[in-house]
Amino acid sequence: MSADNWKFSDLKFPKPDLEVFRALYNDAIERVELAPDGAEVLEIVFEIDELSRKAMDLLTATFIHHTMDTTDERYESDQRWVDENQPLFTKIILGFAESVYNSPYKEYIEEKAGSMYFTKMDIKKKTFCEENIPLRQRESELAYEYQKLIASCSVNIQGEPRTFMGLQGLFSHDDREVRKEAFRAFSGFLSQNEEKLESIWDELISVRTQIAHNLGYDSYVPVAYMERGRLDYGIDDIAKFREQVLEEIVPLCSKLYEAQAKRIGIDKVMAYDEEIVFSDGNAKPIGDKEYTFNQIIGMVREMSPETEEFIGFMLEHELIDYESRPGKAAREYTTMISSRKAPFIFAHFDGTPSSVQYLIEGLGHAFAAYRASRRQPFEEYYSSSADIMEIHSMAMVQFASKYMDRIFGEEAWKYRFANLQSLMTFIPFGVAVDEFQHICYENPNLTPKERTNEWHKLEQKYMPWRTYDEDDDFMARGGYWYHKVHFFVYPLYYIEYSLATVNAMELYKKYIKHPDTAWNQYLTLADVGGSKGCLEILKLANLTPAYEDGAVKESISHVKDVLEELI
């Protein structure tokens, strides 16, 4: 297999040898300490970056294979090995980082590599301590337990076994009784496993709180902010953003759902009706799943010379896993095989409008990583913080909207309207998820039932339209939040979606009038990778931080006008 003629399925990923890895890093540390000048230290930094990429790829590939089939005992065993040993690899990497940080040639390295090189290094130092290694290992075990539990879901609906993701796919079914049945099964699965879910979450709160205490913090919140790369804005800024959402977006969403209820002929939109925007059903693809997938690929080819090059690479190397199947993890993500500069998309594509959107979001993530990995010198710079990365995905969905006639034919207008409405109505959910996590981590002694009640109160605050069947006690008292993998696997990762959606609307507003200018701003967002902080990247792309006073109102103005005119 030549360097260029490879497929993901052909790649071999043996376990990295921890002791060999440690020996190579110790040798690099010694060389840094003996280096006669900054140029030699920089050369060692590049060597270690290449070594790190190869070693970390082995861990990433293990994760990918395990999520592809959570029932495979070999992959399960490999993933447990990764969970156990990843903190040890982190410790070794930090030892080298410390030697560079303390080098007399630090200023030279910073001049050549950029200030973010040491800023990111400093974050890793602040969020790591030896005492937390067993806690991080336990954290991974608990996250794994949650994912395996969710992946075990198999419920027969209409004579077919449905996975957890498959149940959610039925929430947009034309037949209200099917939607209701799917939602009851969804609620029932979570309710049946409530005690286990409570136990996992309760221990995660305890473990993460202890991690924070060992690092010298009162709660896990500031640790999570650093881990999420929020370097230039903080808790107060996010609180201001939530207030803007409450003032500007929640009333509009209530109006949208009131109009939707009248449009589809029901008294009130129930939780299982929220995705049904039109009385005669949502937009339907004019072809089957494979046709729809191929239309998305063709759309990306035509969007720009840059995306044409990107999608060719992704297909050539088989870097999109989009088929749903039993045992496949109930989640969607984009990750990176860094040594190959190869993004990898993990999706559940069934040809429905929501799966079309999710796949395009994944392509947005992957495109940005593809661009940055070919323009930035270090793996650390291949991706931005999540608040920027989510703009890549959300904006790509809006850029793609003009091609939807190929997928939905005469119903493309339905897709566009429903997509804009779903973006707007998602934002309050995103801020509720964020505030809920703040509450849980800042009040770690709450009981499981008290936490669930806090979610119930946040639904009433940010989603006053949300209504469940009277006999669905689990959802009525706040059980809905348990289905979100982010709580368990990526602590405090969610507000980025809401922030980015606002920025994507701002970019789309510009795209309507000046598409070339907006596209170039988008390329800037992608190309800069993680070489700069969030605010500096937004400034380079001529975008406004979503938490600034008035930013939400201004950024959503175009989409709001379109939606209000249509309803």
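Helices, at least four residues long, are DSSP runs numbered from the N terminus, and lining residues of a cavity have an atom within 4 Å of one of its grid points. The model shown in these close-up views is predicted.

**Figure 1. The largest cavity and its lining.** A search of the whole structure gives four cavities of 30 Å³ or more. The largest cavity holds about 70 Å³ of space. Its lining is made up of Tyr233, Asp387, Leu499, Ala500, Asn503, Cys534, Leu538, Pro545, Ala546 and Tyr547. Two elements, α22 (495–513) and α24 (534–540), each give two or more residues to this lining. Helix α22 provides the largest share, three residues.

**Figure 2. Residue types around the largest cavity.** Eight of the lining residues are nonpolar, one is polar and one is charged. Asp counts as charged, and Asp387 is in the lining. Asn503 is also in the lining. Among the nonpolar types are Ala, Leu, Cys, Pro and Tyr.

**Figure 3. Tryptophan 201 with tyrosine 441.** The structure holds 60 aromatic pairs. One of them joins tryptophan 201 and tyrosine 441 in an edge-to-face arrangement, with 6.0 Å from centre to centre and 65° between the planes. Tryptophan 201 belongs to helix α9 (residues 194–214) and tyrosine 441 to helix α18 (residues 412–442), so this pair ties together parts that lie 240 residues apart in sequence. Is tryptophan 201 buried or exposed? Tryptophan 201 has a relative accessible area of 1% and is therefore buried, because buried means under 20%. Tyrosine 441, at 1% relative accessibility, also counts as buried.

**Figure 4. Tryptophan 201 with phenylalanine 487.** Tryptophan 201 also forms an aromatic pair with phenylalanine 487. This pair is edge-to-face, and its values are 5.9 Å centre to centre and 75° between the planes. Phenylalanine 487 lies in helix α21 (residues 485–489) and tryptophan 201 in helix α9, so the contact ties together parts 286 residues apart in sequence. Both tryptophan 201 and phenylalanine 487 are buried.

**Figure 5. Lysine 328 over phenylalanine 346.** Lysine 328 lies over the face of phenylalanine 346. The distance to the ring centre is 4.6 Å.

**Figure 6. Arginine 374 over phenylalanine 313.** Which part of arginine 374 sits over the ring of phenylalanine 313? It is the charged end of arginine 374, at 4.8 Å from the centre of the phenylalanine 313 ring.

Terms used. Residues are numbered from 1 along each chain as its sequence is written. This is a predicted model: local features need pLDDT of at least 70, side-chain atom pairs count only at pLDDT 80 or more; totals for chains, interfaces and linings use all residues. Side-chain values use heavy atoms; hydrogens and water are left out. On a 1 Å grid over the protein atoms alone, a cavity is a set of points where a 1.4 Å probe fits but cannot get out, and a pocket is an open set with protein on both sides within 12 Å along at least five of seven lines; lining residues have an atom within 4 Å of a point. Grid points are joined across faces, edges and corners, and a volume is the space filled by probe spheres set on the points. Rings of Phe, Tyr and Trp (its six-membered ring) pair if their centres lie within 6.5 Å; planes under 30 degrees apart count as stacked, over 60 as edge-to-face and the rest as tilted. Buried means under 20% relative accessible area, exposed over 50%, partly exposed in between (1.4 Å probe, protein chains only). A charge sits over a ring if NZ of Lys or CZ of Arg is within 6 Å of the ring centre and within 35 degrees of the ring normal.
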